[in-house]
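Q: Could you take me through this model one feature at a time, beginning with the general idea and then turning to the case at hand?

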Amino acid sequence: MKEIVIGNFKIIKGSLEKPYIIAEAGVNHEGDIEKAKLMIMQASEAGASAIKFQTYKAEKLASKYSPSYWNTNKEPTRSQYELFKKYDKFWKKEYEELANYAEQCGIDFLSTPFDFESADFLEPLMPAYKVASADITNIPFLRHIARKGKPILLSTGASTVSEIWQAIEAIKEEGNNQIVLLHCVLNYPTPIERANIGMIKDMVNKFQDYIIGYSDHTLPNKMEKVLTAAWLLGAQVIEKHFTFDKTLPGNDHYHAMDKEDLSRFVKLLDEYKEFLGNFEKHYIKEEEISRLNARRSLVAKRFIPAGKIIEETDIEIKRPGTGVSPLLYDKVIGSKATRDIGEDEILQFGDFRID
């Protein structure tokens, strides 16, 4: 798709307009509806396009024997099931309340579903679906979501190119081609030297019919540089974990941005937009006077009488560019002067004739 609309936000492939920014609240609300609302309000005030949560029930998501794959120094829980069980406090009523509050705050509500039931009851609450990297091979689930007919933001962490294409084809087979592919590294957190945001450029080239984005798991100390570089490489959707307090222990707080981080990033994008300008090469209106006066013209090096065959020794190339361009140098040499041309005069069309 060359263009996708999410809520009131239009993403046009290749455009360098401000990206669709998703503040990934995840389960940083820790089961507290007021904390979740606080993050919605803060994300909206800081300039995010959307706030995103995660919707699941632990028993549908992970076996009780599923090991951790995150940094246990930051999040000591060693079982996926146990971690997910801590934070699966919200269900239909709470997400409806949060979606309504997001609408009041003027920000899109999103939540990643991790099972069929979640995908179904979230459908009327969201303008698009986010699918986690871990579900890129969950073809039945992708097909189910695709049939909803809404844009799909598909993270591609830990994926091969062929796995990404298989996911795309599964979604397309259901008549849905509204796909945004997000580069992602599936490490929590991702060391800065493993972010590999250069892969965004490869994805832009390999998946030319699709909008490309970036889902970030690096620590927030270099967030502005990482996210800005991702945007400049072609990421038109930016997702970053979000919290109301980065100092809190465990889960996703430690690699999340807060309101101040997000606000600085949004302002930085505005600054970049100010000087990046147009990506189609051409001179601008303000350069027209420079084109005339800073460029060069063919100028008589000495007096050239009418009827003389103009030679190289008769011509110099000088400013301004208001006369015959040096592009026509080879045409003028060997032509015949049609009038007396004084020394240092700027040659004009009509001053010479090509026989």
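The dialogue below goes from domains to cores, then to a pocket, a helix and a loop residue.

Q: Into which domains is the protein divided?
A: This is a predicted model, and the protein in it is divided into domain 1, residues 3-274, and domain 2, residues 285-353. The C-alpha centres of domain 1 and domain 2 lie 62 Å apart.

Q: Which residues have the most contacts inside the largest nonpolar core?
A: A core of this kind is built from buried nonpolar residues joined through side-chain atoms within 4.5 Å. The largest one here has 75 residues, and those with the most contacts inside it are Ile 51, Phe 53, Leu 98, Phe 109, Leu 154, Leu 181 and Tyr 214. Helix H1, residues 33-46, supplies the largest share of this core, with six residues. Another core, of 13 residues, lies apart from it and includes Ala 62, Trp 70, Tyr 81 and Phe 84.

Q: What does Tyr 214 touch, not counting residues up to four places away in sequence?
A: With those residues set aside, Tyr 214 touches, among others, Leu 182, His 183, Ile 197, Val 226, Leu 227, Ala 230 and Glu 239.

Q: How should I read the largest pocket, and what is its volume?
A: Rolling a probe the size of a water molecule over the atoms shows where empty space is left. In this model the largest pocket has a volume of about 600 Å³. It is lined by 36 residues, of which Gln 54, Tyr 69, Phe 84, Phe 114 and Tyr 188 are the closest to its centre. Strand E4 (50-55), H3 and strand E10 (237-241) are the elements that give two or more residues to this lining, and H3 gives the most, with four. By class, the lining residues divide into 18 nonpolar, 10 polar and eight charged.

Q: Which residues of helix H9 are buried, and what covers them?
A: In H9, which spans residues 223-233, the buried residues are Met 223, Val 226, Leu 227, Thr 228, Ala 230 and Trp 231. Their cover includes helix H8 (199-206), strand E9 (211-216), E10 and helix H10 (259-276). Just after H9, Gly 234 takes a positive phi of about 125°.

Q: Where does Lys 74 lie, and why is it classed as partly exposed?
A: Lys 74 lies in the loop between helix H2 (58-61) and helix H3 (80-87). Lys 74 counts as partly exposed because its relative accessible area is 43%, and that class runs between the 20% and 50% cut-offs. Leaving aside its neighbours within four places in sequence, Lys 74 is in contact with Gly 250 and Tyr 254.

Technical notes:
Residues are numbered from 1 along each chain as its sequence is written. This is a predicted model: local features need pLDDT of at least 70, side-chain atom pairs count only at pLDDT 80 or more; totals for chains, interfaces and linings use all residues. Side-chain values use heavy atoms; hydrogens and water are left out. Domain bounds come from an automatic or database domain assignment. Buried means under 20% relative accessible area, exposed over 50%, partly exposed in between (1.4 Å probe, protein chains only). Contact means heavy atoms within 4.5 Å. On a 1 Å grid over the protein atoms alone, a cavity is a set of points where a 1.4 Å probe fits but cannot get out, and a pocket is an open set with protein on both sides within 12 Å along at least five of seven lines; lining residues have an atom within 4 Å of a point. Grid points are joined across faces, edges and corners, and a volume is the space filled by probe spheres set on the points. Ala, Val, Leu, Ile, Met, Phe, Trp, Tyr, Cys and Pro count as nonpolar, Asp, Glu, Lys and Arg as charged, and the others, Gly among them, as polar.
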